[in-house]
There are 2 protein chains.
Amino acid sequence: MTWLQRYLPILDWGRKYDKETATNDLVAAVIVTIMLIPQSLAYALLAGLPPEVGLYASILPLVAYAIFGTSRALAVGPVAVVSLMTASAVGELARQGTPEYLGAAIVLAFLSGLMLVAMGLFRLGFLANLLSHPVISGFITASGLLIASSQLKHILGVKANGHTLYEILLSIGSHLTEINWITFVIGASATVFLFWVRKGLKKLLLGLGVKPFLADILTKAGPVAAVAVTTLASAVFQLGEKGVRVVGDIPSGLPVPQLPSFDSELWLALAGPALLISVIGFVESVSVAQTLAAKKRQRIEPDQELIGLGASNIASAISGGYPVTGGFARSVVNFDAGAATPAAGAFTAVGIALATLFLTPLLTHLPQATLAATIIVAVLSLVDFGAIKRTFAYSKSDFAAMAATILITLFFGVEPGVVTGVSLSIALYLYRNSRPHMAIVGIVPGTEHFRNVDRHKVITGERVLTLRVDESLFFANSRFLEDKVYALVADKPDIEHVVLMCPAVNEIDASALESLEEINHRLRDSGVTFHLSEVKGPVMDRLKGTDFLKHLTGEIFLSQYDALCTLDPLTAHISESRTPKKTARSNIWSGPEI
Amino acid sequence: MTWLQRYLPILDWGRKYDKETATNDLVAAVIVTIMLIPQSLAYALLAGLPPEVGLYASILPLVAYAIFGTSRALAVGPVAVVSLMTASAVGELARQGTPEYLGAAIVLAFLSGLMLVAMGLFRLGFLANLLSHPVISGFITASGLLIASSQLKHILGVKANGHTLYEILLSIGSHLTEINWITFVIGASATVFLFWVRKGLKKLLLGLGVKPFLADILTKAGPVAAVAVTTLASAVFQLGEKGVRVVGDIPSGLPVPQLPSFDSELWLALAGPALLISVIGFVESVSVAQTLAAKKRQRIEPDQELIGLGASNIASAISGGYPVTGGFARSVVNFDAGAATPAAGAFTAVGIALATLFLTPLLTHLPQATLAATIIVAVLSLVDFGAIKRTFAYSKSDFAAMAATILITLFFGVEPGVVTGVSLSIALYLYRNSRPHMAIVGIVPGTEHFRNVDRHKVITGERVLTLRVDESLFFANSRFLEDKVYALVADKPDIEHVVLMCPAVNEIDASALESLEEINHRLRDSGVTFHLSEVKGPVMDRLKGTDFLKHLTGEIFLSQYDALCTLDPLTAHISESRTPKKTARSNIWSGPEI
């Protein structure tokens with residue numbers, strides 16, 4: 001694979017592109033286009049941006065992803081969580097509806113694009129692993145609830161604002177007397193309709209003998225039907241004049257590409273949010289892409305995905321859009337509709353461009369309540385209370401990180417939520433690892449095997465203490481090891497030798513090495529010799545030439561059995577003489593143990 | 001041990017206190033007092049505070065530590081690194097010499113004290129482990145260089161400022177024409193004298209037949225001699241009037257205890273620096289205390305040490321002092337001079353109080369250059385280039401964290417330095433752990449043992465792939481495991497079973513559990529059965545009742561040998577028939593391996 005092929009996956013699939021593939025891609029593109037139009041408008045609304053910005057963010061970014069992305073089915077564009085994060089980040093700097101607000105959203109997309117590309121070039125895709133699954137799941141659930149609550153105002157036809165659940169509900173509560181009942185009827189019936197479409201329609205259609213594929217497509221087209229019906233009603237009854245907020249005039253031209261403003265203060269203020277949006281968007285997108293790729297035994301390249309998403313965001317910024325990423329629902333539709341290559345995305349882009357040019361006049365009377373209903377139904381499907389229950393049952397510390405992420409996201413906002421979740425995941429992990437698992441071991445009679453004295457009938461001598469360490473030694477747990485050794489030696493005055501058995505130690509970092517030196521030093525002062533046994537090859541290679549090995553009072557034994565034979569031949573002999581049967585192998589001891 | 005005894009160690013040693021112990025403590029206190037007077041003045045100068053503040057910080061804090069601390073020999077008071085951090089934190093908020101500057105330093109001590117006590121009560125001593133040894137060592141080396149360079153201006157008698165090496169050197173450079181030559185002669189000769197005292201005097205005294213203990217004490221008294229001689233010269237020749245900056249009048253009363261100001265904005269601004277000072281101070285102090293305790297087979301209690309240091313800082317704040325911690329040099333002197341209990345610290349406090357009352361008029365003419373020389377000689381002994389070399393040789397990633405800490409500390413300041421070091425330590429650790437060690441294993445002929453196919457002569461079948469995981473599975477490495485399994489299965493079309501051998505897996509967190517479910521799910525889609533073997537007891541206990549176990553297509557085998565006999569009896573049979581000797585045990589394979 002050449003350098004060019006690695007960074008331009010289009011060169012790979014492009015040269016095998018034929019008519020059949022093109023037909024598949026075209027069909028998928030038509031279906032996704034129809035689905036994407038109301039979604040783009042709705043998520044722009046959620047981000048606090050004019051509706052056309054959502055359309056712009058669904059044109060060039062798709063083309064950019066088609067060139068640079070590796071997933072065959074991923075459909076990029078505006079998504080709910082990223083839209084919410086955009087609203088939260090930009091809302092701190094400018095008021096909705098102002099040119100500054102739009103400008104900041106564009107810069108956010110640009111910055112996020114640059115960061116993603118940089119992360120891809122430096123192959124930092126692994127950073128996404130710092131988000132543990134419970135944290136992601138908790139964040140998405142909380143975002144879903146936050147987004148749904150933020151859309152309530154559109155359903156009720158009241159003015160309200162706020163970035164946290166408390167602010168939003170308080171604000172809606174204080175405006176409850178101003179409910180516009182026509183809006184509420186439209187919003188509530190659209191919501192009920194869309195929920196029914198999602199839960200009941202497919203079953204009904206299948207019952208009526210409709211083919212599964214078609215039933216699926218019709219189900220996904222629910223939002224389009226809701227948009228069409230409510231827009232028609234709104235136009236016929238001139239609801240816009242009766243206080244129902246409608247989308248209004250959408251400029252129908254295509255955006256003219258231009259670079260975002262280079263305002264260093266603005267860039268600095270948006271750098272943090274851009275990083276969070278990049279990471280969250282990447283994690284969401286990569287999970288979707290991996291799931292779909294696996295179904296066809298294809299593979300995606302996470303580092304190249306970073307470049308693909310980065311290019312999409314840069315493309316979004318220069319065409320007047322806002323941050324985008326790969327969306328779950330639309331990618332699944334794209335996949336199910338038969339998209340075979342990223343070209344499907346490019347065809348979708350053409351579809352959205354045509355819609356922007358010719359369909360926007362039809363959307364003037366579209367009630368915002370309908371879009372809000374679309375969003376609510378979409379995001380509530382992201383809310384996964386089952387995951388919370390499962391995590392609670394499986395792991396209290398994972399649950400703690402998840403619960404903190406959910407609560408902080410709901411009550412302090414999305415950015416503190418993610419930061420808390422990631423920090424807690426790491427902190428809990430380090431805390432658990434700061435107490436490495438260790439066991440005092442003795443020999444199993446008649447074998448050369450050593451087992452935990454607390455769990456097995458084993459023989460130990462008075463003069464040799466053998467401590468098996470079951471984890472790599474590193475800065476966060478080395479102090480604990482020191483304490484443990486000193487405490488054990490203080491308790492047992494007869495000890496002459498301490499053996500550290502290291503069969504599971506894959507690494508000893510510089511801090512742990514210093515701790516071992518310190519242990520050696522202090523044991524020497526109290527007349528105890530310090531030995532190691534069963535040190536792995538690579539660990540041993542690095543220990544060679546260190547001061548620790550030079551000063552080590554004892555030896556390094558290849559096997560623990562060697563150590564016992566040398567340091568305490570009497571105990572080894574007693575063990576040997578107790579062999580239960582002459583031919584017994586170690587199988588009685590081979591079961592799992594701590 | 002009662003609740004009261006745990007939090008008041010004085011109740012333990014206090015009841016056995018006798019005349020002999022008191023004599024030992026008194027002798028040590030006299031020696032430490034003499035050493036501490038110039039140090040207190042010098043470090044106050046380094047922190048940008050009036051000299052008497054250094055003395056105040058050496059009275060009540062020592063009494064508080066005597067009551068709450070657990071180390072028998074630790075001497076608390078102003079230290080170099082914490083003084084530098086104080087100057088850096090407070091310098092951001094106020095100008096040196098103003099009452100606001102002093103007030104902020106006092107609040108910093110108070111906040112740091114509260115944080116330390118809180119950490120102690122919540123038993124968060126383990127947090128200190130997040131500082132890896134190379135990061136601490138790098139930070140201390142860089143701080144030493146920074147402190148030494150910041151004192152150059154006093155040696156040269158020029159005005160200069162700055163918090164980073166670049167700022168300091170630039171500022172000194174631009175004032176070079178203003179050198180006060182008398183100051184320079186005093187400063188340079190004091191520096192040379194003190195270096196000689198440190199390097200050559202002890203040898204000389206020993207050569208003259210002086211007893212080692214006395215030689216040691218005389219060596220440590222070098223700064224006192226330098227102070228006495230230069231003060232006398234300064235007084236006789238009225239150098240203060242010739243442009244030599246002297247300490248000047250020191251108020252000779254004792255501080256009146258009072259609470260620091262409760263200014264919420266100030267507290268918020270100092271919270272971050274206070275946390276860093278607390279952690280750095282704690283780490284420094286605990287290392288010293290542990291080293292000294294080990295020499296007498298005593299133990300210190302890290303969580304109670306937090307409370308002891310916290311009480312000291314609160315005591316410092318209410319008596320007009322600034323942040324303190326346990327100092328290395330003075331604790332060693334205290335220990336060597338025979339301090340047997342923390343009462344030695346209380347006696348030292350009395351000594352410093354007497355000095356504050358009666359000696360301060362004598363110090364009026366003391367040149368600041370002498371104090372600067374004391375600081376330079378003291379901190380340059382902290383600079384450890386050998387540690388940099390050793391770390392480079394042993395571990396490139398530890399070296400990277402160390403180098404970044406040093407460079408950021410030197411060129412961006414102490415706070416960014418510590419934060420970078422800690423973040424990098426954690427990031428590098430997670431990065432390394434995001435690639436768990438795994439090996440494909442086969443059976444060793446004639447045994448029930450399995451070993452890495454790349455390193456041993458083993459037998460493997462075509463239908464069963466066994467992957468041994470050598471680390472716990474958690475969020476940062478679970479994605480890598482998924483990728484690895486998919487890649488292996490994609491490469492080998494004949495595989496029917498994948499067995500994950502888990503003898504070294506001590507934990508599976510919720511993220512890894514989801515990855516295992518995902519692996520099971522995807523392998524099922526491609527007709528491969530997924531099994532586990534040698535799962536440890538506690539891990540198995542938690543897996544019970546999870547969806548993963550319900551949906552698992554394969555089985556969980558107690559031993560890998562069971563798995564092979566069940567899934568691929570042919571290979572097991574071939575292995576059996578190749579037994580080299582009937583009585584051979586596994587000892588030829590028991591050596592270290594990856």
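Copies are superposed by least squares on the C-alpha atoms of residues with pLDDT of at least 70 in both. Done that way, chain A can be laid on chain B with an RMSD of 0.2 Å, by a turn of 179 degrees and a shift of 0.0 Å along the axis. That is the relation of a two-fold axis. In chain A, the C-alpha of Ala504(A) is the one nearest the axis, 3.2 Å from it.

This is a predicted model, in which local features need pLDDT of at least 70 and side-chain atom pairs count only at pLDDT 80 or more, while totals for chains, interfaces and linings use all residues. Residues are numbered from 1 along each chain as its sequence is written, chains are lettered from A in the order in which they are written, and side-chain values use heavy atoms, with hydrogens and water left out.

On to the interface. Contact (heavy atoms within 4.5 Å) links 73 residues of chain A with 72 residues of chain B. Because 99% of the interface residues of chain A are also interface residues in chain B, the copies meet through the same surface. Between them the chains bury about 6,400 Å², with 52% of it on carbon and sulfur atoms; buried area here is the accessible area (1.4 Å probe) that two parts lose on being put together, summed over both. On the chain A side, Tyr394(A), Phe475(A) and Arg479(A) lose the most area to chain B, together 14% of what that side buries.

As for salt bridges (a side-chain nitrogen of Lys or Arg within 4 Å of a carboxyl oxygen of Asp or Glu), the count between chain A and chain B is zero.
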